[in-house]
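Student: I have a model open and would like to go through its fold. Can you take me through it?

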Amino acid sequence: MSIIDNRKAFHDYFIEEKIEAGLVLEGWEVKAIRAGRANIKEAYVLIRDGAIFILGMHITPLTSASTHIHADPVRTRKLLLHAAQIDRLLGQVERAGFTLVPLDLHYSKGRIKATVGLAKGKKQHDKRETEKAREWEREKGRLMRDKT
(Lines give C-alpha, C1' and ligand atoms only; values in the text may rest on other atoms or scores of the structure.)
Protein backbone atom coordinates (compact mmCIF):
# COMPACT_ATOMS: atom_id res chain seq x y z
CA MET A 1 0.00 0.00 0.00
CA SER A 2 1.73 3.12 -1.22
CA ILE A 3 1.74 6.33 0.82
CA ILE A 4 3.67 8.64 -1.51
CA ASP A 5 4.96 8.11 -5.05
CA ASN A 6 7.79 9.94 -6.80
CA ARG A 7 6.40 10.14 -10.36
CA LYS A 8 9.13 12.59 -11.35
CA ALA A 9 11.73 9.83 -10.89
CA PHE A 10 10.05 7.66 -13.55
CA HIS A 11 10.02 10.66 -15.91
CA ASP A 12 13.69 11.57 -15.40
CA TYR A 13 15.30 8.10 -15.05
CA PHE A 14 15.29 4.57 -16.42
CA ILE A 15 14.69 2.44 -13.33
CA GLU A 16 16.80 -0.73 -13.61
CA GLU A 17 16.16 -2.28 -10.19
CA LYS A 18 13.99 -1.61 -7.13
CA ILE A 19 15.12 -2.22 -3.55
CA GLU A 20 12.97 -2.03 -0.42
CA ALA A 21 14.68 -0.34 2.54
CA GLY A 22 13.66 0.47 6.08
CA LEU A 23 13.77 4.03 7.41
CA VAL A 24 15.11 5.37 10.70
CA LEU A 25 12.33 7.73 11.78
CA GLU A 26 11.33 9.61 14.91
CA GLY A 27 7.86 9.30 16.41
CA TRP A 28 6.53 12.61 15.11
CA GLU A 29 7.73 11.69 11.61
CA VAL A 30 5.79 8.43 11.61
CA LYS A 31 2.62 10.24 12.68
CA ALA A 32 3.09 12.91 10.01
CA ILE A 33 3.73 10.31 7.26
CA ARG A 34 0.61 8.39 8.29
CA ALA A 35 -1.29 11.69 7.95
CA GLY A 36 0.13 12.06 4.40
CA ARG A 37 2.37 15.04 5.12
CA ALA A 38 5.54 13.83 3.40
CA ASN A 39 7.14 14.78 0.08
CA ILE A 40 9.92 12.87 -1.72
CA LYS A 41 9.82 14.71 -5.06
CA GLU A 42 13.08 16.61 -4.44
CA ALA A 43 14.74 13.84 -2.38
CA TYR A 44 17.83 11.90 -3.39
CA VAL A 45 19.85 9.01 -1.95
CA LEU A 46 23.52 9.18 -0.98
CA ILE A 47 26.02 6.51 0.10
CA ARG A 48 28.36 7.81 2.79
CA ASP A 49 30.77 5.79 5.01
CA GLY A 50 29.18 2.46 4.10
CA ALA A 51 25.65 3.63 4.97
CA ILE A 52 22.80 4.88 2.80
CA PHE A 53 21.00 8.14 3.59
CA ILE A 54 18.01 9.91 2.08
CA LEU A 55 18.38 13.69 1.79
CA GLY A 56 15.77 16.29 0.92
CA MET A 57 12.73 14.28 1.99
CA HIS A 58 10.35 16.82 3.53
CA ILE A 59 8.05 15.71 6.36
CA THR A 60 5.81 18.52 7.63
CA PRO A 61 5.27 18.16 11.40
CA LEU A 62 1.73 17.98 12.68
CA THR A 63 0.44 20.96 14.67
CA SER A 64 -0.37 18.60 17.53
CA ALA A 65 3.27 17.43 17.75
CA SER A 66 5.02 17.54 21.09
CA THR A 67 6.23 20.93 22.29
CA HIS A 68 9.51 19.69 23.80
CA ILE A 69 10.81 18.26 20.49
CA HIS A 70 12.22 20.60 17.84
CA ALA A 71 11.11 19.04 14.54
CA ASP A 72 13.48 19.37 11.57
CA PRO A 73 11.36 18.65 8.45
CA VAL A 74 14.27 18.01 6.03
CA ARG A 75 16.78 16.23 8.22
CA THR A 76 18.97 13.46 6.78
CA ARG A 77 17.41 10.06 7.42
CA LYS A 78 19.23 6.74 7.35
CA LEU A 79 18.01 3.87 5.18
CA LEU A 80 18.34 0.32 6.52
CA LEU A 81 19.75 -2.33 4.18
CA HIS A 82 21.94 -5.40 4.56
CA ALA A 83 25.69 -4.81 4.19
CA ALA A 84 25.85 -7.03 1.09
CA GLN A 85 23.10 -4.98 -0.58
CA ILE A 86 24.90 -1.73 0.25
CA ASP A 87 28.18 -3.07 -1.17
CA ARG A 88 26.48 -4.17 -4.39
CA LEU A 89 24.73 -0.81 -4.79
CA LEU A 90 27.96 1.05 -4.07
CA GLY A 91 29.70 -0.91 -6.85
CA GLN A 92 26.89 -0.15 -9.32
CA VAL A 93 26.85 3.56 -8.48
CA GLU A 94 30.64 3.99 -8.69
CA ARG A 95 31.43 1.82 -11.73
CA ALA A 96 28.36 1.69 -13.94
CA GLY A 97 27.22 5.31 -13.67
CA PHE A 98 23.95 4.58 -11.91
CA THR A 99 22.32 6.72 -9.25
CA LEU A 100 19.95 5.92 -6.39
CA VAL A 101 16.51 7.56 -6.41
CA PRO A 102 13.68 7.26 -3.86
CA LEU A 103 10.59 5.94 -5.66
CA ASP A 104 7.95 5.69 -2.96
CA LEU A 105 7.06 5.28 0.70
CA HIS A 106 4.76 2.40 1.61
CA TYR A 107 3.59 0.20 4.46
CA SER A 108 4.97 -3.29 4.89
CA LYS A 109 3.71 -5.32 7.86
CA GLY A 110 2.77 -2.11 9.67
CA ARG A 111 6.15 -0.46 9.15
CA ILE A 112 7.00 2.42 6.84
CA LYS A 113 9.44 1.39 4.11
CA ALA A 114 11.03 3.21 1.19
CA THR A 115 11.52 1.81 -2.29
CA VAL A 116 14.84 2.93 -3.74
CA GLY A 117 15.50 2.60 -7.45
CA LEU A 118 18.84 1.96 -9.13
CA ALA A 119 18.47 4.39 -12.01
CA LYS A 120 20.21 5.71 -15.10
CA GLY A 121 19.40 9.23 -16.31
CA LYS A 122 17.24 9.82 -19.38
CA LYS A 123 18.25 12.18 -22.13
CA GLN A 124 15.74 14.70 -23.49
CA HIS A 125 15.00 12.61 -26.60
CA ASP A 126 14.28 9.58 -24.37
CA LYS A 127 11.74 11.61 -22.40
CA ARG A 128 10.03 12.72 -25.62
CA GLU A 129 9.96 9.13 -26.90
CA THR A 130 8.38 7.91 -23.66
CA GLU A 131 5.74 10.64 -23.89
CA LYS A 132 4.95 9.70 -27.53
CA ALA A 133 4.53 6.04 -26.59
CA ARG A 134 2.24 6.95 -23.69
CA GLU A 135 0.08 9.19 -25.91
CA TRP A 136 -0.12 6.48 -28.59
CA GLU A 137 -1.32 3.93 -26.02
CA ARG A 138 -3.97 6.40 -24.85
CA GLU A 139 -5.09 7.10 -28.43
CA LYS A 140 -5.15 3.37 -29.26
CA GLY A 141 -7.38 2.76 -26.24
CA ARG A 142 -9.75 5.54 -27.38
CA LEU A 143 -9.93 4.13 -30.91
CA MET A 144 -10.65 0.61 -29.65
CA ARG A 145 -13.30 1.89 -27.26
CA ASP A 146 -15.02 4.00 -29.95
CA LYS A 147 -14.91 1.15 -32.46
CA THR A 148 -17.00 -1.19 -30.29
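**Strands and a helix**

Tutor: Start with β5, which is mostly covered: five of its five residues are buried. Buried means under 20% relative accessible area, with exposed over 50% and partly exposed in between (1.4 Å probe, protein chains only). Strands (E, at least two residues) and helices (H or I, at least four) are DSSP runs, numbered from the N terminus. This is a predicted model, where local features need pLDDT of at least 70, side-chain atom pairs count only at pLDDT 80 or more, and totals for chains, interfaces and linings use all residues. Residues are numbered from 1 along each chain as its sequence is written, and side-chain values use heavy atoms, leaving out hydrogens and water.

Student: Which residues of β5 are buried on each side?

Tutor: Ala 51, Phe 53 and Leu 55 are buried on one side, Ile 52 and Ile 54 on the other.

Student: What joins β5 to β4?

Tutor: Five bridges, with the two strands running antiparallel. Two strands pair if DSSP finds at least two bridges between them. Val 45 has Ile 54 in β5 as its bridge partner.

Student: And what is the strand order in the open sheet?

Tutor: β1-β8-β9-β2-β7-β5-β4, seven strands with antiparallel pairing. β1 (2-5) and β4 are the edge strands, each pairing on one side only.

Student: Switching to α3, why should it span 18 Å?

Tutor: Because its 13 residues (83-95) are counted at 1.5 Å a residue; the end C-alpha atoms are 18 Å apart, which agrees. The expected span is 1.5 Å times one less than the number of residues.

Student: Which residues of α3 are buried?

Tutor: Ile 86, Leu 89 and Gly 91.
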